[in-house]
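This report covers the pockets of one protein model and the residues that line them. The sequence and structure come before the text.

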Amino acid sequence: MDKGKLYGILLITAMSVIALLLAAIPAIKALSLSSLIMGIILGMLFANTYRTRIPSTWEPGLKFCSKRMLRLGIILYGFRLTFQDVVAVGVSALVIDGIIVAGTILLGIWFGKLIGLDRDSTLLTSTGSAICGAAAVLGAEPIVRASQHKAAIAVSTVVIFGTISMFLYPIAYRAGLFDDFTAQQIGIYTGATLHEVAHVVGAGNAMGEQVATSALIVKMVRVMMLVPVLLIMSYCLALEAARRCNTIEDTTEKKKKIIVPWFAFIFLLMICVNSFLHAYFDGQQWLVLALKVIEVVSTFMLTMAMTALGCDTSIAKFRQAGARPFVLAAMLYVWLVAGGYLLVRYIVPVLG
């Protein structure tokens, strides 16, 4: 490996270790600010201070972390999910998850056009709001082929509004605004509408163990929907590219350049493997230990990807993007909070 590339990887590795240590501080942990979020914050601080001082030969190392480590981290993320979880949440939760994911992306595309936001930022922000925050943005970025700073801005929007909900939902719960909901319904609402897994864990734990368990399962089922979303997105972008071509030859050539999200298929395969392991070896010490190691490795890889993403995000690029990505995220946030509430109130009693 080239020395410059290695130094770039080591730089991101060191910053990611710091992000993990910061995320473990009780005060930060209490806010459910995961190592992924701390990583992008550190990366952005670095981008606006010492970024210009590192040699250009280190750049391949930073790109390696933002691309390869990202895909590997998402693949290993599949070991956090099982198809047994899908069965456990019931039909109503599956239906609500599906409506939330599809509705958020479709509304996001429409809202994006209304406010004049570029396509890449629209798709990244909508996907992050619809599925699982930062991880979904990172998963969609190679499909959309957006600039890294746009992905970082999209991550920032979902982090901001997800954090707001993480505090807002428990406050609303204690104020009695969810008194007409059962614990399971509150869990479904929380898991189906909050952005990050960390946000769901934070809000759920603040509302009780039963709520937290239901919320996390619903959220992880929502995470599973990342695979079909990436496949559909890749196909739709391929059709869009084909329509822009004037000849059959141009269309054929363009189709060759369409990115197939291979990591999404492997992500789904890992869910299958994990489901099998839980079905036949659930509770065995070696499996518990193995899955814990995989979870730690996956988290560290995604932290490295987020840190590298932050390193490419300067204040100047935020200014260039303007307020529109945040306006879109705010509009989608209103849909998630209000639309999700109505869905849970009227669909769950019907479907059970």
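How do the residues of the lining of the largest pocket divide into nonpolar, polar and charged? In this predicted model, the lining of the largest pocket has 19 nonpolar, seven polar and six charged residues.

The volume of the largest pocket is about 1,200 Å³. Its lining is made up of 32 residues, and those nearest the centre are Ser34, Arg80, Val197, Glu295 and Thr299. Two or more lining residues come from each of α1 (3–23), α3 (35–47), α10 (197–206), α11 (209–224), α14 (262–281) and α15 (285–310). Of these elements, α15 provides the largest share of the lining, six residues.

The second largest pocket has a volume of about 460 Å³. It is lined by 21 residues, and Ile105, Leu106, Ile109, Leu123 and Cys236 are the closest to its centre. At least two lining residues are supplied by each of α5 (83–115), α6 (119–130) and α12 (226–243). The most comes from α5, which gives eight residues to the lining of the second largest pocket. The lining of this pocket divides into 14 nonpolar, three polar and four charged residues.

| Pocket | Volume | Lining residues | Element giving the most |
|---|---|---|---|
| Largest pocket | about 1,200 Å³ | 32 residues | α15, six residues |
| Second largest pocket | about 460 Å³ | 21 residues | α5, eight residues |

Technical notes. Residues numbered from 1 in each chain as written. Predicted model: local features only at pLDDT ≥ 70, side-chain atom pairs only at ≥ 80, totals over all residues. Heavy atoms only, no water. 1 Å grid on protein atoms, 1.4 Å probe; cavity = no way out; pocket = protein on both sides within 12 Å on 5 of 7 lines; lining within 4 Å. Points joined across faces, edges and corners; volume = space filled by probe spheres on them. Helix = DSSP H or I, 4+ residues; strand = E, 2+ residues; numbered from the N terminus. Nonpolar A, V, L, I, M, F, W, Y, C, P; charged D, E, K, R; others polar.
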